[in-house]
Amino acid sequence: MGVIVNGEAQDCAARTLSDLLAELAYEGEWLATAVNGELVHREERADWSLKPGDRVEILSPMQGG
């Protein structure tokens, strides 16, 4: 299925947001996620079904000061 992740087209086998994060090796990291501009909380990711063309934003914190 084709989705857009952080502005780049991706072809993935994932059906849920949680699956996509695992497929892209983001498992276990602290992240903020949004699909089509809607914030998706960590506890909702496993139930959040992706559709072709969805725009997914994945943000991770930066360390420093």
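## Sheet layout

Two strands count as paired if DSSP finds at least two bridges between them. On that basis, this predicted model holds an open sheet of five strands in the order β2-β1-β5-β3-β4, and the pairing is mixed. β2 (8–11) and β4 (38–40) are the edge strands, each pairing on one side only. On average, and with direction ignored, neighbouring strands of this sheet are turned by 35° against each other.

## Strand pairs

Strand β1, residues 2–5, is joined to β2 by four bridges in the antiparallel sense. Within this pair, G2 stands opposite D11 of β2.

β3 and β5 are also antiparallel, with four bridges between them. Here A32 has L59 in β5 as its bridge partner.

β3 and β4 run antiparallel as well, joined by three bridges. V35 stands opposite E38 in β4. The two strands β3 and β4 form a hairpin with two residues between them, and N36 in the turn has a positive phi of about 50°.

## T33 in strand β3

T33 lies in β3, which covers residues 32–35. Is T33 buried or exposed? The cut-off for a buried residue is under 20% relative accessible area; T33 is at 2% relative accessibility and therefore counts as buried.

The side chain of T33 has polar partners. One of its polar atoms lies 2.8 Å from the backbone oxygen of V40. The T33 side chain also makes a polar contact with the side chain of R45, at 3.1 Å. Leaving aside residues up to four places away in sequence, T33 touches L17, L21, E38, L39, V40, R45 and E57.

## Nonpolar core

The largest nonpolar core has 14 residues, of which V5, L17, L20, V35, L50, V56 and I58 touch the most other members. β1, α1 (17–23) and β5 (55–59) each supply at least two residues of this core. α1 gives the most, with three residues. As a general point, nonpolar side chains in soluble globular proteins tend to be buried together.

V5 is one of the core residues that touch the most other members. Not counting residues up to four places away in sequence, V5 touches Q10, L20, L24, V56 and I58. L20, V56 and I58 are themselves listed with V5 among the core residues that touch the most other members. L17, another residue in that list, is also touched by T33. V35 belongs to the list too, and stands opposite E38 in β4; E38 is in turn among the residues that T33 touches.

Definitions and conventions: Residues are numbered from 1 along each chain as its sequence is written. This is a predicted model: local features need pLDDT of at least 70, side-chain atom pairs count only at pLDDT 80 or more; totals for chains, interfaces and linings use all residues. Side-chain values use heavy atoms; hydrogens and water are left out. Axes are lines fitted to C-alpha atoms, for helices over the stretch in contact, and angles run from 0 to 180 degrees between N-to-C directions. Buried means under 20% relative accessible area, exposed over 50%, partly exposed in between (1.4 Å probe, protein chains only). A polar contact is a pair of N or O atoms within 3.5 Å; within protein, one must be able to donate a hydrogen and the other to accept it, and residues adjacent in sequence count only if both atoms are side-chain atoms. Contact means heavy atoms within 4.5 Å. A nonpolar core is a set of buried Ala, Val, Leu, Ile, Met, Phe, Trp, Tyr and Cys residues joined through side-chain atoms within 4.5 Å.
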